[in-house]
Amino acid sequence: MDIDGGGLRERKKRETRIALSWATIRLVVERGLDNVRIEDIAAEAGVSTRTFSNYFATKGEAIAARHFERARSIAEQLRHRPADEPIWTAVTEAALAGFALSEGTPEQLFPDEQWLSGIRLMVAEPALQSEFAKAAAAAEAEFAAAIAERTGTDATKDLYPRLMAATVVAAFNVIIGQWLDTEPSGSMADLLRDVFGRLAAGLPAPH
């Protein structure tokens, strides 16, 4: 009973963390980083400012948390993929299942120019770069652990899970950069499949 209760509490804490992170991103995209107060974020998420402070020390930490939570969600999906599935197929399907967290699916993610403009400004904020770097490192460790479990390797010693995890993180950086910097002709799901399909094929040179 205690185990179940503990699991429920952890799930609710994670849901609150994700909700606060997403609320922060929405407000910062709409108003700009300097024009958003902690009180605004708490009100947007329907919690107290104290609750925000229990989860995050700064707005930047809250924004970057979404990157790690996305990685955590994808890693969880990867752990539940069929054992006989090729690794890149498993990663692709896990990414499709976990990328958007609670905000729809990659198939439903089409760009809105106003939203993209706000995201571009947010990710370029110098004050956020160290938080993004920390989140990327944590995401890479999360992927390495999941890949190691799947492949029977050791994430602390073996090259394969660490190399593949670094490749997955780099791929997501490319996907997000492409999404922000160009005019996508399809959904986020199309872009995910394209990028991971190229990696699965050994990244052949373009013809």
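**Close-up 1. Helix H8 and the lining of the second largest pocket.** In this predicted model, helix H8 supplies the largest share of the lining of the second largest pocket, namely six residues; helices here are DSSP runs (H or I, at least four residues), numbered from the N terminus. A pocket is an open set of points on a 1 Å grid over the protein atoms alone, with protein on both sides within 12 Å along at least five of seven lines, and lining residues have an atom within 4 Å of a point. Among the lining residues are Thr-167, Gln-178, Asp-194 and Arg-198. The elements giving two or more residues to this lining are H8 and helix H9 (188-200).

**Close-up 2. Volume and residue classes of the second largest pocket.** The volume of this pocket is about 220 Å³, where a volume is the space filled by probe spheres set on grid points joined across faces, edges and corners. Its lining divides into eight nonpolar, two polar and two charged residues, with Ala, Val, Leu, Ile, Met, Phe, Trp, Tyr, Cys and Pro counted as nonpolar, Asp, Glu, Lys and Arg as charged, and the others, Gly among them, as polar.

**Close-up 3. The largest cavity.** One cavity of 30 Å³ or more is found in the whole structure, a cavity being a set of points where a 1.4 Å probe fits but cannot get out. The largest cavity holds about 40 Å³ of space, and H4 gives the most to its lining, with four residues.

*Notes.* Residues are numbered from 1 along each chain as its sequence is written. Totals for linings use all residues of the predicted model, while local features need pLDDT of at least 70 and side-chain atom pairs count only at pLDDT 80 or more, and side-chain values use heavy atoms, with hydrogens and water left out.
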